[in-house]
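Please look at the sequence and the model shown here before reading on.

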Amino acid sequence: MLEIRNLKKSFNKTKAVDDISFEVRKGEILGLLGPNGAGKSTTISMIATLLKRDGGEILYKGKDIGKNPKEIQRELGFVPQEIALYSTLSGYENLKFWGKIYGLKGDNLRDKIKEISKIIGIDKRLKDKVEEYSGGMKRRLNIGSALLHNPEIIILDEPTVGIDPQSRKHILDSVKEINKKGSTVIYTSHYMEEVEYLCHRICIMDEGKIIAQGTKDELLQSISAEEKIILEVNNINEEIIDNINKIPYVKNTSTRDNSIIIQKKGNNVDYSEILEAVSNKGGHLTSMDIKKPDLEFVFLALTGRALRD
Amino acid sequence: MFNIFIKDLKLFLSDKKTLALIILMPIILTTILSFALSGSFAQAGSDFTLNVGIVKDYDKAGEEKRFTDFMVDLTENYQVDIDEFQKEDEFSEFNPEKIFFEDYLGSEEIREILYYKVVDREEGLKLLENKEIASLIIIPENYMYDMYINTFTNFRNKIEIEVISHPDMNYSGSITKELMKNFSDVMSSIVISKNVYFETASEYLSVEKIAENIPEILNSSQHKGENINIKEGTVDSKNPISSFAYYTVAMLSMFILFISSYGGKFILDEKRNNTFQRQIASGKSLELILVGKFFMMFVMVVIQSSVMIGFSKFIFKTNWINLPQVIGIIILSSLMVASLGLMITAITLKTNNYKVSDAFSSGVVQVMALFGGSYIPIEVLPKFIGEVGRFTPNGAVLKAYIKTLEGYGLYNIGDNLLVLVGNIVVFLIISILIIRRKSDAEFIKS
């Protein structure tokens with residue numbers, strides 16, 4: 001549906017987007033995951049025809065959007081990172097304006113406002129001015145304003161920044177619902193768990209480049225990620241570490257302060273062996289945590305930095 | 001485009017602070033200034049009257065005798081028959097006091113607007129201080145003698161008629177000065193005619209012959225004197241402008257300019273909160289968004305002008321005389337403000353900060369208001385300010401409204417409308433040049 005080939009964009013001498021290629025398939029939710037400054041917003045600004053690219057191609061349904069911007073503009077719902085609404089107007093007036101911008105009118109517009117306001121959960125506050133809304137409601141209206149015209153493709157740029165967990169959950173569920181109704185979604189975030197929860201496929205970006213892409217499983221496999229067992233132990237000593245390393249399913253261990261991090265191999269794990277290995281050598285185990293591999297692992301493995309660094 | 005325009009209009013109307021500035025503020029200022037400076041203007045609904053005091057510092061009888069003595073001395077030296085001259089009553093007919101008080105101030109045109117009272121200097125100054133009179137005209141010592149000398153001899157004595165006006169009644173003071181200047185011009189033309197005759201005739205005629213023809217010159221001069229009027233002055237055939245009418249249009253012509261800064265402010269607000277980018281992403285062009293702003297400013301000026309004019313009509317009872325002409329001025333001035341606003345919007349968008357629109361609303365408008373005559377009528381300001389003011393858009397708007405209120409037709413306000421059209425064309429060309437130099441995407445980059 002959307003194909004990005006060798007896309008480049010620089011601001012002065014800084015390469016914001018550095019020769020990236022990826023595709024967005026019809027009906028999927030594609031996540032662009034990366035820390036702040038990774039180039040996610042610049043990439044989607046070029047897809048949304050807001051920025052001119054320095055090089056490469058963006059093909060929407062096979063046509064270059066540089067030459068035919070209208071092709072994507074009329075089928076796109078763009079939700080910018082900031083609250084792009086008129087705060088002195090009511091929620092209804094905002095939805096009406098954005099609906100008309102996309103050519104809706106009359107009964108069709110009224111029906112869509114009714115439908116979308118229910119999906120985003122502001123139908124009872126439509127007459128209130130946006131400046132009277134909570135942060136979460138503004139975020140939801142911000143998304144709703146891009147959905148009125150049943151866009152084929154929706155771009156959401158970090159739509160959950162700075163809101164409470166309840167509103168965040170509402171937004172994520174709304175995105176899933178929109179996707180189920182047939183819209184293709186590009187979702188950018190630096191929240192790994194959101195991308196994991198929502199996206200069918202993920203592109204991980206860092207310093208303007210795509211450093212990995214695929215489904216979550218494909219990404220985890222690409223770095224051979226396994227579960228980690230994290231032990232909190234008082235009086236850690238060399239003998240305890242040696243004892244743990246002798247257990248057959250332990251691949252390797254590392255320590256940090258009072259923690260022993262065990263990288264395991266295979267699925268046959270007997271946790272009592274670990275308890276014995278610690279207690280036999282005078283260690284006092286205070287906690288044990290099993291951490292499943294996630295995208296944070298992938299990012300860490302690929303860049304040597306945590307996603308939120 | 002209509003949707004964008006409606007949205008901008010709603011945004012404008014939802015901002016109570018802005019509405020107070022552009023609708024309430026000019027009404028309040030108009031009311032305050034109109035009452036405070038009402039003494040400088042004609043009263044609405046009544047004929048314009050100018051009350052002045054006149055001080056006679058001269059001694060009529062003494063100065064006539066002094067002149068007769070001078071002429072007797074002249075007769076003895078040049079053998080001119082002065083008795084014959086007096087017998088024909090020409091000398092007594094030429095009475096400078098009569099010319100000033102009866103022929104000039106007593107003429108029908110002047111009598112309609114000017115009431116005078118002969119007072120002594122002290123009483124006159126007191127009346128002036130109490131604003132019972134707008135001006136005090138002081139006819140100097142030797143006025144009679146000097147007028148005779150200037151008229152019947154080849155000598156030229158300088159006569160200075162002093163006009164003292166109350167500072168709060170500058171407009172009336174200006175009219176009084178204009179009337180005195182008019183009188184002075186006519187009298188000068190008499191003296192010049194006589195002197196030309198003297199100088200030319202003295203080459204060919206004897207002194208007696210020259211003296212014989214003087215009465216004829218004076219007759220023709222007096223004929224001229226009968227024609228003294230204020231046709232070329234500032235008050236002839238005009239409807240009086242009350243302070244309420246003047247300050248309504250003065251404040252209106254200034255406050256419409258404030259609206260021009262809102263296009264820039266609005267578009268930068270939209271850029272900062274990303275609604276601008278969102279519109280571009282939806283396929284709306286920059287030009288379309290700017291046209292929406294243009295019409296928003298146009299309609300706001302129409303609303304602002306209509307409210308002000310309606311207020312002055314129903315509250316101050318101002319007679320706007322020619323409504324179609326007033327509507328025409330409203331439309332043209334609204335187009336002017338919208339064009340100026342478009343230019344400011346384009347510059348604001350290019351520079352990406354509020355400084356341009358802020359500088360315009362806090363600085364440029366004030367300067368234009370001064371030069372255009374919104375604070376003080378340009379007639380009482382230095383001449384160069386008036387000259388510059390003629391070409392300011394607000395000055396042209398002010399003049400067009402004033403002339404309409406005075407009863408002038410479309411033909412008479414043509415030059416003011418031309419200035420407005422010129423301003424519109426210049427603003428639009430500059431706007432287009434700025435917009436065309438930048439692409440949508442470059443405008444978006446912050």
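How are H2(B) and H14(B) oriented to each other, roughly parallel or roughly antiparallel? The model examined here is a predicted one. In it, helix H2 of chain B, residues 16-36, packs with helix H14 of chain B, residues 286-314, at an angle of about 25°. Angles under 35 degrees count as roughly parallel, and H2(B) and H14(B) are therefore roughly parallel to each other. Their axes lie 10 Å apart, and the crossing in which H2(B) passes H14(B) is right-handed.

The residues that meet in this pair can be named on either side. H2(B) brings Ile22(B), Ile23(B), Pro26(B) and Ile27(B), while H14(B) brings Gln304(B), Val307(B), Met308(B) and Phe311(B). By class, seven residues of this contact are nonpolar, one is polar and none is charged.

H18(B) and H19(B) form another packed pair, with an angle of about 150° and axes 8 Å apart. Since angles over 145 degrees count as roughly antiparallel, H18(B) and H19(B) are therefore roughly antiparallel to each other. The crossing of H18(B) past H19(B) is left-handed. On the H18(B) side, Pro393(B), Ala396(B), Val397(B), Lys399(B) and Ala400(B) take part, and they meet Asn416(B), Leu417(B), Val419(B), Leu420(B) and Asn423(B) of H19(B). The contact of H18(B) with H19(B) has seven nonpolar residues, two polar and one charged.

Helix H19 of chain B runs over residues 414-436, which is 23 residues. From its first C-alpha to its last, H19(B) reaches 33 Å, close to the 33 Å expected at 1.5 Å a residue. Its buried residues are Asn416(B), Val419(B), Leu420(B), Asn423(B), Ile424(B), Phe427(B), Ser431(B) and Ile435(B). These buried residues of H19(B) pack against H14, helix H15 (323-351), helix H17 (383-391) and helix H18 (393-406) of chain B.

**The two chains**

One residue of chain A may be followed in detail. Ile178(A) belongs to helix H6 of chain A, which covers residues 165-180. Is Ile178(A) buried or exposed? A residue is buried if 20 or more other C-beta atoms lie within 10 Å of its own; Ile178(A) has 25 C-beta neighbours inside 10 Å and therefore counts as buried. Leaving aside residues up to four places away in sequence, Ile178(A) touches Leu147(A), Ile154(A), Ser183(A) and Val185(A). Ile178(A) and Asn150(A) are 28 residues apart in sequence, with 9.1 Å between them in space, C-alpha to C-alpha.

**Where the chains meet**

The contact between the chains takes 23 residues from chain A and 20 residues from chain B. On the chain B side, helix H1 (2-14), helix H13 (275-281) and helix H20 (440-444) each supply at least two residues. H13(B) gives the largest share of that side, six residues. By class, the side of chain B that touches chain A consists of five nonpolar, nine polar and six charged residues.

Key
Residues numbered from 1 in each chain as written. Chains lettered and ligands numbered in written order. Predicted model: local features only at pLDDT ≥ 70, side-chain atom pairs only at ≥ 80, totals over all residues. Contact = placed C-beta atoms within 7 Å. Helix = DSSP H or I, 4+ residues; strand = E, 2+ residues; numbered from the N terminus. Nonpolar A, V, L, I, M, F, W, Y, C, P; charged D, E, K, R; others polar. Axes fitted to C-alpha atoms, helices over the stretch in contact; angles between N-to-C directions. Parallel < 35°, antiparallel > 145°, perpendicular 65-115°, else oblique. Left-handed = near helix turned anticlockwise from the far one by under 90°. Expected span 1.5 Å × (residues − 1). Buried ≥ 20, exposed ≤ 12 C-beta atoms within 10 Å, placed from the backbone.
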